[in-house]
Amino acid sequence: MRFGSTDDSPACDPAGSADGGAPGDRAGLSTDYLNHYSEILMLIEMASFDEDAVADLSGWQPVDYRAYFERSPLRRAASALAAYEALAPQRRTGFEQTVEALDKLAAAAILALQPPCHAPNRVLIGEVIGPAIRRLIDRCAAFLNSDGAVLCEDADELQAIIDR
């Protein structure tokens, strides 16, 4: 499943969904995990123009891929978790560093949007942090859709995205 669009993200095959059904009837990594980040991105973007959306941000907490699928009710959660555990450690590490960058960006946005955050600042936060989160979601989607074949960026590049 493609999340957003970026200028340099590879096209992704939607066959990685863990909820089953054609065409996603294959074992492997799952982009269902990225719904957690798509939701927070949506709330951050909404907070730019709707102050009431800020209250919905406070309940969001980071969750890693393992924990997400360990508690997931999805029918194929166990196979998504098994595929993740089967990855080479360096592949998992690259993905986990990208997720860590997502967590930091989301936490920074949530903190910055807390009252008293004035409307122009809410817009600025959405315009600056939103696209960075979207790019990282796209990188994670490429990794998951390729069953780990497309490596996530290295830690230095991820830190540069956070620092922007």
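Author: Here is a short tour, starting with the overall fold. This is a predicted model, where local features need pLDDT of at least 70, side-chain atom pairs count only at pLDDT 80 or more, and totals for chains, interfaces and linings use all residues. Residues are numbered from 1 along each chain as its sequence is written, and side-chain values use heavy atoms, with hydrogens and water left out.

Reader: Which residues touch the most other members of the largest nonpolar core?

Author: Tyr33, Leu57, Tyr65, Phe69, Phe95, Leu113 and Ile133, out of 42 residues in that core. A nonpolar core is a set of buried Ala, Val, Leu, Ile, Met, Phe, Trp, Tyr and Cys residues joined through side-chain atoms within 4.5 Å.

Reader: Which helix gives the most to this core?

Author: That's α6, with 10 residues. At least two residues each come from α1, α2 (53–57), α3 (65–70), α4 (77–86), α5 (89–113) and α6.

Reader: How far apart are the axes of α1 and α6, and at what angle do they pack?

Author: The axes of α1 (residues 35–47) and α6 (residues 119–145) are 8 Å apart, at an angle of about 160°. Axes are lines fitted to C-alpha atoms over the stretch in contact, with angles from 0 to 180 degrees between N-to-C directions. The two helices are therefore roughly antiparallel, a label for angles over 145 degrees.

Reader: Which residues in α1 and α6 meet?

Author: On the α1 side, Tyr37, Ser38, Leu41, Ile44, Glu45 and Ala47 meet Arg122, Gly126, Gly130, Ile133, Arg134 and Ile137 of α6. Contact means heavy atoms within 4.5 Å.

Reader: Switching topic, which peptide bond is cis?

Author: The one from Pro115 to Pro116, with omega near 0°. Pro116 sits in the loop between α5 and α6.

Reader: And where is Asp147 found?

Author: In the loop between α6 and α7 (155–163). Asp147 isn't a glycine, yet its phi is positive, about 55°. Asp147 counts as partly exposed because its relative accessibility is 33%.

Terms used: Helix = DSSP H or I, 4+ residues; strand = E, 2+ residues; numbered from the N terminus. Parallel < 35°, antiparallel > 145°, perpendicular 65-115°, else oblique. Buried < 20%, exposed > 50% of the residue type's maximum accessible area, 1.4 Å probe, protein only.
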